[in-house]
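Trainee: Can you walk me through this model? I have the sequence and the picture open.

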Amino acid sequence: MLSDPQAAVDASRTLPGIPRDADGPVFREPWEAQAFAMALSLHARGLFSWTEWAAALAEEIKRAQAAGDVDTGETYYRHWLATLERLIADKGVATPATLHRYRDAWDHAADRTPHGLPIVLLPEDFAS
């Protein structure tokens, strides 16, 4: 759950393209809401402005479309996550290698977690 629901509503009004309804942003999958919440948190901490975010997201979407993304709207939060990862790396918060390591660990943890249960990272998820 978002700690500041008004921030979510404000962001959904400020940033074009966010899937939303009258109450604010809408998500098809829990990970989409989590990616959205991470971006809100990093914005609140001053890592980037919404103008910078919007430009980086537009660049990511353009790059994906050039690579064949048909832009049906179903990939919007995949672009959101890729933009988040790129900005985190560009700003030195985490290296691309660290992001890759955690992505692999989450994949491993998800593979061993029964459907419907929370995914918990364990030290063995980071083993190569």
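Predicted model: local features only at pLDDT ≥ 70, side-chain atom pairs only at ≥ 80, totals over all residues.

Trainee: Rings, then. How many aromatic pairs are found in the whole structure?

Mentor: The search finds 11. Rings of Phe, Tyr and Trp (its six-membered ring) pair if their centres lie within 6.5 Å; planes under 30 degrees apart are stacked, over 60 edge-to-face, and the rest tilted. Tyr-76 and Tyr-77 form an edge-to-face pair, with 5.0 Å centre to centre and 85° between the planes.

Trainee: Are Tyr-76 and Tyr-77 buried or exposed?

Mentor: Tyr-76 is buried at 9% relative accessibility. Tyr-77 is buried too, at 1%. Buried means under 20% relative accessible area, exposed over 50%, and partly exposed in between (1.4 Å probe, protein chains only).

Trainee: What kind of pair do Tyr-76 and Trp-80 form?

Mentor: A tilted one: 6.0 Å centre to centre, 45° between the planes. Both residues lie in helix H4, 4 residues apart, about one turn of the helix. Helices (H or I, at least four residues) are DSSP runs, numbered from the N terminus; strands (E) need at least two. Trp-80 counts as buried because its relative accessibility is 0%.

Trainee: Which residues do ring pairs link into a cluster?

Mentor: Phe-27, Phe-36, Phe-48, Trp-50, Trp-53, Tyr-76, Tyr-77 and Trp-80.

Trainee: How far is Ala-54 from Trp-80?

Mentor: They are 9.8 Å apart in space, C-alpha to C-alpha, and 26 residues apart in sequence. Ala-54 sits in helix H3, residues 50–66. At 27% relative accessibility, Ala-54 is partly exposed.

Trainee: New topic. Where is Thr-83?

Mentor: Thr-83 is in H4, which covers residues 76–90.

Trainee: Why does Thr-83 count as buried?

Mentor: Because its relative accessible area is 1%. The side chain of Thr-83 reaches the backbone oxygen of His-79 at 2.8 Å.

Trainee: What else is Thr-83 in contact with?

Mentor: Leaving aside neighbours within four places in sequence, Thr-83 is in contact with Trp-53, Ala-56, Leu-57 and Glu-60. Contact means heavy atoms within 4.5 Å.

Trainee: And where is Thr-113?

Mentor: In the segment after H5. Thr-113 is buried, with a relative accessible area of 15%. A polar atom of its side chain lies 2.6 Å from the backbone oxygen of Ala-109. Beyond four places in sequence, Thr-113 is in contact with Pro-118 and Ile-119.

Trainee: Last one. How much space lies in the largest pocket?

Mentor: About 1100 Å³. Of the 22 residues lining the largest pocket, the closest to its centre are Trp-31, Gln-34, Met-38, Leu-81 and Trp-106. On a 1 Å grid over the protein atoms alone, a pocket is an open set of points where a 1.4 Å probe fits, with protein on both sides within 12 Å along at least five of seven lines; lining residues have an atom within 4 Å of a point.

Trainee: Which element gives the largest share of that lining?

Mentor: H2, with 7 residues.

How values were computed:
Residues numbered from 1 in each chain as written. Heavy atoms only, no water. Polar contact = N/O pair within 3.5 Å; in protein donor to acceptor, adjacent residues only side chain to side chain. Points joined across faces, edges and corners; volume = space filled by probe spheres on them.
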